[in-house]
Amino acid sequence: MTKKRVGVLISGSGSNLQALIDACAQPNFPAEIVLVISNNADAYGLTRAKDAGIPAHILNHKDYASRDAFDQAMHQLLELHLADIVCLAGFMRLLSDGFVKNWHNKLINIHPSLLPSFKGAHAIRDALAAGVKITGCTVHFVRAEMDSGPIIIQAAVPVMQDDTQDSLAVRVLEQEHVCYAKALRWLAEDKLTIVGEKVGVSN
Ligand code: GRF
């Protein structure tokens, strides 16, 4: 089996990166992580990458004149490592249209809500504020508009009456880790079809 080569982009803790590292360590998993890029030198995810023996690169967006220049540098690194798939895992930068087009249907993201509800950087806070009784997580293909694109998998998480942002985030994250590994497996096995921006999973 030829494994698909995956680049993971992070900005922070990297618990989703860890879930993907653990999934890729399973025998017969169809993908391997060949590169991690962080725009934040202090991201704990960089330690997770190093512990797993994965090349980790820090690209500080502030060192680049424009978003396009930063995204081009990431693109070149991904190409250098012959990445087939790119996973966003808590990557807190908007991507340029050019980058999104370059990785069309090969670029996936994890978001802590049931999209299309609660897009943006405060999905857990916004779900609590709205008083929804069920929230969850979504893995989706990335399109130009933030937190949009064909949905691959979702999991529901009940909101408890006494939930805080932290307590709810912990339960959503548990589901994120399960969903992200499943989505990457399907994508790497070429099991996903996109028709009319809706995703099908073949057996
Ligand atoms: C996750 O909640 C993810 O859905 C969101 O950012 C958070 C990243 O967490 N995009 P981690 O860095 O993977 O722990």
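Colleague: Where is the place of Phe 118?

Modeller: This is a predicted model. In it, Phe 118 sits in the loop between S5 and H5.

Colleague: What is phi of Phe 118?

Modeller: Phi is near 55° for Phe 118, a positive value in a residue other than glycine. Most residues other than glycine have a negative phi.

Colleague: How does Phe 118 count, at what relative accessibility?

Modeller: Phe 118 counts as partly exposed, because its relative accessibility is 22%. Buried would need under 20%.

Colleague: Now Asp 190. What is its phi?

Modeller: Near 55° for Asp 190, again positive and again in a residue other than glycine. Asp 190 lies in the loop between H6 and strand S8 (192-195).

Colleague: Is Asp 190 buried or exposed?

Modeller: Asp 190 counts as exposed, because its relative accessibility is 59%. The cut-off for exposed is over 50%.

Colleague: Which residues surround the ligand?

Modeller: Ser 13, Gly 14, Ser 15, Asn 16, Gly 90, Ile 110, His 111, Pro 112, Leu 173 and Glu 176.

Colleague: Which polar side-chain atoms lie 2.6 Å or 2.7 Å from a ligand oxygen?

Modeller: A polar side-chain atom of Ser 15 is 2.6 Å from an oxygen atom of the ligand. For Glu 176, a polar side-chain atom lies 2.7 Å from a ligand oxygen atom.

Colleague: How much of the ligand does the protein bury?

Modeller: The protein buries 81% of the 360 Å² that the ligand exposes when taken alone.

Colleague: Switching to Ser 38. Which strand is that in?

Modeller: Ser 38 lies in strand S2, residues 31-38.

Colleague: Why is Ser 38 called buried?

Modeller: Because its relative accessible area is 0%. The limit for buried is under 20%.

Colleague: What lies 2.7 Å from a polar atom of the Ser 38 side chain?

Modeller: The backbone oxygen of Asn 40.

Colleague: And what is Ser 38 in contact with, leaving aside neighbours within four places in sequence?

Modeller: Ile 10, Ser 11, Ala 43, Leu 46, His 57, Ile 58 and Leu 59.

Note on methods:
Residues are numbered from 1 along each chain as its sequence is written. This is a predicted model: local features need pLDDT of at least 70, side-chain atom pairs count only at pLDDT 80 or more; totals for chains, interfaces and linings use all residues. Side-chain values use heavy atoms; hydrogens and water are left out. Helices (H or I, at least four residues) and strands (E, at least two) are DSSP runs, numbered from the N terminus. Buried means under 20% relative accessible area, exposed over 50%, partly exposed in between (1.4 Å probe, protein chains only). A polar contact is a pair of N or O atoms within 3.5 Å; within protein, one must be able to donate a hydrogen and the other to accept it, and residues adjacent in sequence count only if both atoms are side-chain atoms. Contact means heavy atoms within 4.5 Å. A residue is near a molecule or strand if one of its heavy atoms lies within 4 Å of it. Accessible areas come from the Shrake-Rupley method with a 1.4 Å probe; for residues, only the protein chains shown count as cover.
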